[in-house]
Amino acid sequence: MKLPLRTAIFWIHLALGLTAGLVILVMSVTGVLLMYERQITEWADRGYRAAPPSPGAERLPVETLLSRVLAARPEATPASVILQADPAAPATVSLGRRSQLFVNPYTGEILGEGSQKVRKFFHAVTDWHRWLGAADDNRDGARAVTGASNLVFLFLVVSGLYLWVPRKWVRTQLRNVTWFRGGLSAKARDFNWHNVFGFWMAIPLFFVVASAVVISYPWAGNLIYRAVGEEPPVRSGPPGGQGAGPGRARAEGARREGGPAGERPSGERRGEEPGFDRSVLQGLDPLWARAERQVADWQTLSLRLPESADAPVTFTINRGHRGRPDLRSQLTLDRARGEVVTWEPFASQSLGRRLRTWTRWIHTGEAGGVLGQTLAGIASAAGAVLVWTGFALAWRRLVPKRQSKKQTLTAEEADTAAPSQAYEA
């Protein structure tokens, strides 16, 4: 007997949901917690201000600023320095992947390290979002699990929308699966919530989860390039993806480029190496001045300290302080002559690279500003509800009660259930 397509998809949907549901639930809940991480961190650091000591006062040259930081913290290994156009904003000196100092740019005084409690909380949540809180030695395996769960979640979103489509487009049926209803039994309520959340959040969830798949797997990112007729770039490093889930793609390097309040350039790896070669600071002042002239209306300027005193110097220039990729450009200058080695504004990149860069911002919703972040967070919350109601519905379906008489849906429950689910019941 041939199994109807709708029935086959329903059982695949159910089986995959039960298999990956717990991981999806963790990524969804942590995605909600990370929804406003940037704003909350900035709010927590609002006390770190450095108003000019007098009208017309100028900031210290970058070499002097970093020298004073090293004098106060001899053990420090600076990786980058970031300044904002706002004259009262502190300088940010990154010391490593998860360490930074706020510095008075007029005096070189260290103001503090920011709100450590807030940062530790978000770092812990991010670790669970990326790799289920696994320790370093186990993160590759956890990353594979979250990546596979993203693929499953994408199938669940698409198949769930297909299963939602009513067999009969009548007003009563549509009302039952598109809006909340009161006075229902627990079973009917779960059916109702599963359908309503799935219907209204299907499109936002699709973009959140699809972008997570792109971040999780290089082959998925390569599809973006191929879709616009471009050859994917050759990637260095070990194969595999950077696990991500709904609400956040924290492993993306773009997340850390050129911005305040937790945005650190990719050169931050230097902060994890022992010792610091102070010769790399020599000659930075004229290069910094040259970078400032490159974009007159810059809002955030960051310098990634080079590996050696002879290496070119790379700056990230933002015309907005949120780090949006379309407002971000990269400038590399020759150390000896001060000439431009490369100048790469966002508009100069290929279409495939621009689209690939935007995926991180689509994943977090930040591509749409605060409204987009909110929508992505709500979509993540909806994902958690879908998992919870899906488990509840599966439990009732697969684990019969201890009555000899088979349980059946009441007329009200059948009316409220998703068309395919009511059919299978």
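Because the model is predicted, local features are described only where pLDDT is at least 70 and side-chain atom pairs only at pLDDT 80 or more, while totals for chains, interfaces and linings use all residues. Residues are numbered from 1 along each chain as its sequence is written, and side-chain values use heavy atoms, with hydrogens and water left out.

Let me begin with the overall picture. The protein has 13 helices and eight strands, where helices (H or I, at least four residues) and strands (E, at least two) are DSSP runs numbered from the N terminus. Of its 425 residues, 50% are buried; here buried means under 20% relative accessible area, exposed means over 50%, and partly exposed is what lies in between, with a 1.4 Å probe and protein chains only. The exposed surface comes to about 20,500 Å², of which carbon and sulfur atoms supply 60%, with areas taken from the Shrake-Rupley method with a 1.4 Å probe and, for residues, only the protein chains shown counted as cover. If we take contacts (heavy atoms within 4.5 Å) with a separation of 6 or more, 69% of them join residues 24 or more positions apart.

Now to the interior. In soluble globular proteins, nonpolar side chains tend to be buried together. I use nonpolar core for a set of buried Ala, Val, Leu, Ile, Met, Phe, Trp, Tyr and Cys residues joined through side-chain atoms within 4.5 Å. The largest such core has 31 residues, and the ones touching the most other members are Leu-66, Val-81, Leu-281, Leu-284, Trp-288, Leu-303 and Phe-315. Among the elements that give two or more residues to this core are helices α3 (62-72) and α9 (284-294), together with strands β1 (80-84), β5 (300-304) and β6 (313-318). Which element gives the largest share of this core? That is α3, with five residues. Leu-281, leaving aside its neighbours within four places in sequence, is in contact with Glu-63, Leu-66, Ser-67, Leu-70, Phe-276, Leu-305 and Arg-335. A second, separate core of 19 residues includes Phe-153, Leu-154, Val-157 and Ile-224.

Next, the aromatic residues. A pair of aromatic rings is described by the distance of the centres and the angle of the planes. Rings of Phe, Tyr and Trp (for Trp, its six-membered ring) pair if their centres lie within 6.5 Å, and planes under 30 degrees apart count as stacked, over 60 as edge-to-face and the rest as tilted. The structure holds 15 aromatic pairs. One of them joins Trp-164 and Trp-169 edge-to-face, at 6.3 Å centre to centre and 75° between the planes; Trp-164 is buried at 8% relative accessibility, whereas Trp-169 is exposed at 57%. Another edge-to-face pair is formed by Trp-288 and Phe-315, at 5.9 Å and 75°. Trp-288 lies in helix α9 and Phe-315 in strand β6, so this pair ties together parts 27 residues apart in sequence. Trp-288 is buried at 6% relative accessibility, and Phe-315 is buried at 0%. Trp-164 and Trp-169 also belong to one aromatic cluster, together with Trp-179, Phe-180, Trp-193, Phe-197, Phe-199 and Trp-200.

Arg-46 lies over the face of Trp-43, 3.9 Å from the ring centre, and the charged end of Arg-360 sits over the ring of Trp-361, 3.9 Å from its centre.

Finally, some individual residues. His-13, in helix α1 (residues 5-33), is buried at 16% relative accessibility. Its side chain makes a polar contact of 2.7 Å with the side chain of Ser-159; a polar contact is a pair of N or O atoms within 3.5 Å, where within protein one must be able to donate a hydrogen and the other to accept it, and residues adjacent in sequence count only if both atoms are side-chain atoms. In helix α2 (residues 37-44) we find Thr-41, buried at 5%, and a polar atom of the Thr-41 side chain lies 2.8 Å from the backbone oxygen of Glu-37. Leu-132, in the loop between α4 (116-131) and α5 (139-164), has a positive phi of about 60° although it is not a glycine, and Leu-132 is partly exposed, at 23%.

Methods
Lys NZ or Arg CZ within 6 Å of the ring centre and 35° of its normal.
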